[in-house]
Amino acid sequence: VKGACELLGINFLHVANEGVLIAIVSPEIAEELVDTMKGCNEGINAAIIGEVQKRDYKFLGSVLLKTSIGGMTIVDMPLGEQLPRIC
């Protein structure tokens, strides 16, 4: 998906991803939740992909993404309409 979006000049974070669940849960239950989800066929690829952290005030309310080379970038809110969904 990332490669196709790069070819088309589309931000892959703004493309509809149906069939994907992102759950924000307390760190105390995260591992147990992932283990439970992996017990189902639909959850076999379940993984912890990030964490909520308290940060400096200048990033208040922002979502930061760690880049493939280790830097950090702010994930902007999508503008305009999402791409049409073909179901």
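**Entry 1: elements and conventions**

I take helices (H or I, at least four residues) and strands (E, at least two) as DSSP runs, numbered from the N terminus. Read along the sequence, the chain then follows the pattern α-α-β-β, with 2 helices and 2 strands. I number residues from 1 along each chain as its sequence is written, and I note that this is a predicted model, in which local features need pLDDT of at least 70 and side-chain atom pairs count only at pLDDT 80 or more, while totals for chains, interfaces and linings use all residues. Side-chain values use heavy atoms, with hydrogens and water left out.

**Entry 2: confidence**

I looked up pLDDT, the predictor's confidence in each residue, from 0 to 100. The chain averages 82, and 84% of the residues score at least 70.

**Entry 3: burial, surface and contacts**

I counted a residue as buried under 20% relative accessible area, as exposed over 50% and as partly exposed in between (1.4 Å probe, protein chains only). By that count, 7% of the 87 residues of the chain are buried. The accessible surface, from the Shrake-Rupley method with a 1.4 Å probe, comes to about 8,200 Å², and 58% of this belongs to carbon and sulfur atoms. For contacts (heavy atoms within 4.5 Å), I find that residues 24 or more positions apart account for 29% of those with a separation of 6 or more.

**Entry 4: the largest pocket**

I searched a 1 Å grid over the protein atoms alone, where a pocket is an open set of points at which a 1.4 Å probe fits, with protein on both sides within 12 Å along at least five of seven lines, and where lining residues have an atom within 4 Å of a point. A volume is the space filled by probe spheres set on the points, which are joined across faces, edges and corners. The largest pocket has a volume of about 2,300 Å³. Its lining holds 49 residues, and Ile22, Ile24, Ile49, Gly50 and Val63 are the closest to its centre. The elements that give two or more residues to this lining are α2 (27-38), β1 (63-66) and β2 (72-75), and the largest share, 5 residues, comes from α2. With Ala, Val, Leu, Ile, Met, Phe, Trp, Tyr, Cys and Pro as nonpolar, Asp, Glu, Lys and Arg as charged, and the others, Gly among them, as polar, I read 31 nonpolar, 12 polar and 6 charged residues in the lining.

**Entry 5: the second largest pocket and Asn11**

The second largest pocket holds about 240 Å³ of space, and of its 13 lining residues Asn11, Phe12, Leu13, Leu65 and Thr73 lie nearest its centre. β1 and β2 each supply at least two residues of this lining, with the largest share, 3 residues, from β2; by class the lining has 5 nonpolar, 5 polar and 3 charged residues. I then followed asparagine 11, which lies in the loop between α1 (2-8) and α2. Asparagine 11 counts as partly exposed because its relative accessibility is 37%. Its C-alpha is 9.3 Å from that of proline 78, 67 residues away in sequence.

**Entry 6: Ser26**

I found serine 26 in the loop between α1 and α2, and it is partly exposed, since its relative accessible area is 33%.
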